[in-house]
Amino acid sequence: DQTAILQTHDLAIGYDGRPPRVVAQQLDVSLRAGELVCLIGPNGAGKSTLIRTLAGMQPQLAGSAALMGDDVHTLSARELARRLSVVLTERVNPGLLTAYTLVSLGRHPHTNWSGRLSAQDEAAVRGALAAVGAAALADRQVIELSDGERQKIMIARALAQEPAVMILDEPTAFLDLPRRVEVMQLLRRLAHDDQRAILLSTHDLDLALRTADRIWLMTSTGDLHVGAPEDLVLSGAFEAAFQAEGVTFDPQTGAFRIVAQPRGSISVQGDGLPALWTRRALERTGF
């Protein structure tokens, strides 16, 4: 893929040992400028392992991952940080840092040995805060911020690096539904407006289906399906990947349903919201 910024070839991921533990192999995927890609899959499928390998934090077992034409694992830490930024799931303890100071740490790959911010660096920090809608939070201590506000600051720090690729591991993990929607919409806008390539792992399957340009779907058997959300639903790959006892994916609605022990059948006559929610209530109780 000549338009790819990040591309893998015959990549095998896992953990070194005797013998090595292979999580997934023969992975050939690409990430292009201006697109938001969601990495999804059941627990234990290897999403975090793939994220860490692509970010240069964990060595691959075989194959390669190229960032702007260079192998991720041959780049110096400074050069890698100029091209790629990472936001991890773990909560960061910022001490008494203000939001502005935390975001300014994203300029580290661009500053000299003294670490002093130039006017250009200061402009990049202010621009990153503005881009995530957090300019008003600049002078507040990060420890005082809500989870949603703090996540915006972490995204702004990654954005201040001015990377070609942003990789985020579960960026909505600690957020309530409105904040999850807000963060996903923010990342989609950053990808499209700034022509950045953004890859994020998530358990928010409904949001992934609604916001991703493409989905990387990892299965528990180590397979990786790639395509538009609609393609993976229509092909049956999405339903098969999350098939579990008592839970089914309904391709008609794009939602998961809990299958209760059947108790009988009831016919519901009617239209509109009352009929819809009456059917749902009956389904929930096993009819």
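Visitor: Where do Glu79 and Arg83 lie, and how many residues apart are they?

Guide: Both lie in helix 2 (residues 77-83), four residues apart, about one turn of the helix. Helices here are DSSP runs of H or I, at least four residues, and strands are runs of E, at least two, numbered from the N terminus. Glu79 forms a salt bridge with Arg83, with the closest N and O atoms 2.9 Å apart. A salt bridge means a side-chain nitrogen of Lys or Arg within 4 Å of a carboxyl oxygen of Asp or Glu.

Visitor: What kind of model is this?

Guide: This is a predicted model; local features need pLDDT of at least 70, side-chain atom pairs count only at pLDDT 80 or more, and totals for chains, interfaces and linings use all residues. Residues are numbered from 1 along each chain as its sequence is written, and side-chain values use heavy atoms, leaving out hydrogens and water.

Visitor: How many salt bridges by that rule?

Guide: The count is 13. Arg107 and Glu162 form one, at 3.2 Å, N to O. That pair links distant parts of the chain, 55 residues apart.

Visitor: Is Arg107 buried or exposed?

Guide: Arg107 is buried, at 2% relative accessibility. Buried is under 20% relative accessible area, exposed over 50%, partly exposed in between (1.4 Å probe, protein chains only). Glu162 is partly exposed at 42%.

Visitor: Switching to helix 4. Which residues are buried there?

Guide: Asp121, Ala124, Val125, Ala128, Leu129 and Ala131. They sit on the same side of helix 4, because they cover an arc of only 165° around the axis, taken from the directions from the helix axis to the C-beta atoms.

Visitor: And which exposed residues are on the face turned away?

Guide: Ala119 and Gln120.
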